[in-house]
Amino acid sequence: MSKGTLFDKVWDLHAVGTLPSGQTQLFIGLHLIHEVTSPQAFAMLRERGLKVLFPDRTVATVDHIVPTENQARPFVDSLAEEMMQAIEQNAKDYGIRFYNIGSGSQGIVHVIAPEQGLTQPGMTIACGDSHTSTHGAFGAIAFGIGTSQVRDVLASQTLALSKLKVRKIEVNGELPPGVYAKDVILHIIRKLGVKGGVGYAYEYAGTTFESMNMEERMTVCNMSIEGGARCGYINPDEVTFAYLKGRDFAPKGEAWDKAVEWWKSIRSDEDAVHDDVVTFDAAEIEPTVTWGITPGQGIGVSEVIPTAETLPESERAIAQEAYHYMKLTPGTPIKGTKIDVCFIGSCTNGRLSDLREAAKFARGKKVAEGIKAFVVPGSERVKQQAETEGLDLIFREAGFEWREPGCSMCLAMNPDKLQGDQISASSSNRNFKGRQGSATGRTLLMSPAMVVAAAVKGEVADVRELAKKSVAP
Amino acid sequence: MNQVQQISGRGVPVIGNDIDTDRIIPARFLRCVTFEGLGKQAFADDRVQASGQHPFDLPQYQGANILVVNGNFGCGSSREHAPQALAKWGIQAIVGESFAEIFFGNCISIGVPCVTATPETVQQLQKLLQEDPQVSMTVDLEAMEVHCGDFPASVSMDEGLRQMLVTGTWDNCGQLINYVEQIKATASKLPYLHWDPATASY
């Protein structure tokens, strides 16, 4: 059993008591809601005649169904419009802070909470969205929940949960050029599997994570769930504090000093006990691309799509399913795979540093003919800052469309969808069958820089080669 | 809440590891403000791809109420729409090799037990259901056994959660709101609620 980890400390502090089932009743410090998984929860509250116990600890926005082109109301999609009206009404009825479109602060829920300083170390954070693990980047215990649990948090600000084990994933060393946080997490999932993390919280430790900025750390923690771990976190440090300082909801003045002191105290102890420890070397990680239908089916861009014989017995059936669905041939290089659509955005890679990095490679280049390429900023603030820096112009000049903020084609609940069996190079988090809006659509996950490389070449390409050509004379 | 002790009826096998919640209910069907009507959309895209041969479409499995699945079932998105869609199609219990955590919790929240069995047991159950779709099947949460015709096997589930289902106390919401005083006491210990002016009074 783990002892002295950040997870243990935060868990214990938030434990209200032990329920008859043996589960812990855990206080939720910050509850984030969006339009897709909350309307039924409010309906259940109304049915039971319950109120929201701590309305100040729930924050709402809209992201999943938001169109990224025409945002005029009412939305063209009447179902999406109905969901918009439901969250507007619920936020109003229950006195919940709501960042609507046009507020200047709307965006993907896992982008806006950190950027406003709502997400802080030592908190428990829940949201009806599996990528809530993102917030673990701050040293929070953050996880996704279902709609009945959204109801539970609204009604009681608590959840009934069983404590997780803690696995320390240590990555040390400097990342080679062209290798990003996205590649690190894709590599970890490839090695530990898509269900390797079930029952665990992942604690990411080591010099590689220590030298990442907060947005890179968010990319890593974001995809913990793709490895089966409901939450993943990084111990808070000076990078965390520097990021938080001055943000809207960060403590101010005297409270700031107290906060930093407390945040330091909740870090995993030097002699903390983890249930499991796994170690990787950053130097081994390549720009990584998925070739299959689970995020664990990833390979380095210079590798070939694995043949069934080279895979462990347990992975062969899903590999066969993937070859068939993806229409890719085992034994052939992933590099050179023709693509149709390029998507930069999502809660994984839709932040300012992602757009800056992508723009660096897009500058002065052209999207290959016949490729649809678009950039969806993670939030209104990200969009505004990117425009201030002229990133939108770089993208537009290169042939990318520049859109309004939202989840967009990560899950294609809005009009942004693949058509037929189109294949996308995507900076998002899931390559599941049908994920990007077409039942036969195909997704290759990669870093935003790699998406740009794919857009420019019209096929999967190695960003390190593009970089060589970008070097100014 | 009703006691969930024994689910009897017929089984339906859905074969494959890592079947994610996007496959159980594609995202476009989440454009709704109630869970009504999701049953028809369960496995929608997989069913189209299988051209009528998906178990949820085959006539011999219509009316089945026990789903038998393989490893890491329900991975991916936290959407409760997934278990809701299965439940509305008619599923009352799921037997699998393993389940993704959020999906598992969502099932318990709506009173649908997910029990695990060894890969050999699950594969045997799937084989029996393919050979004789009409065979009677029971998931017994009191004996922690599954019966498929003459084939018996033991199944597992967290003991506390099993108790909740068996005794009809699986409504978390009803329990959690009983402890408002304790909840407030816990909140008062949390440093970060004190330095947020909006919540300093808690």
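Mentor: The discussion below takes the nonpolar cores and then the cysteines. The model is predicted: local features need pLDDT of at least 70, side-chain atom pairs count only at pLDDT 80 or more, and totals for chains, interfaces and linings use all residues. Residues are numbered from 1 along each chain as its sequence is written, chains are lettered from A and ligands numbered from 1 in the order in which they are written, and side-chain values use heavy atoms, with hydrogens and water left out.

Trainee: What makes a set of residues a nonpolar core?

Mentor: The term denotes buried Ala, Val, Leu, Ile, Met, Phe, Trp, Tyr and Cys residues joined through side-chain atoms within 4.5 Å. The largest such core has 222 residues, and Phe400(A) and Ile94(B) have the most contacts inside it. Its largest share, eight residues, comes from helix H16 (residues 448–457) of chain A, a helix being a DSSP run (H or I) of at least four residues.

Trainee: Which residues does Phe400(A) touch?

Mentor: Leaving out residues up to four places away in sequence, its partners include Ile344(A), Phe395(A) and Val452(A); contact means heavy atoms within 4.5 Å.

Trainee: How do you know that Cys231(A) is in no disulfide?

Mentor: A disulfide requires two cysteine sulfur atoms within 2.5 Å. The nearest cysteine sulfur to that of Cys231(A) belongs to Cys221(A), 8.9 Å away; for Cys148(B), the nearest is that of Cys114(B), at 18 Å.

Trainee: Why is Cys231(A) called buried?

Mentor: Its relative accessible area is 1%, and buried means under 20% (1.4 Å probe, protein chains only). Cys148(B), at 3%, is therefore buried as well.

Notes:
Buried means under 20% relative accessible area, exposed over 50%, partly exposed in between (1.4 Å probe, protein chains only). Helices (H or I, at least four residues) and strands (E, at least two) are DSSP runs, numbered from the N terminus.
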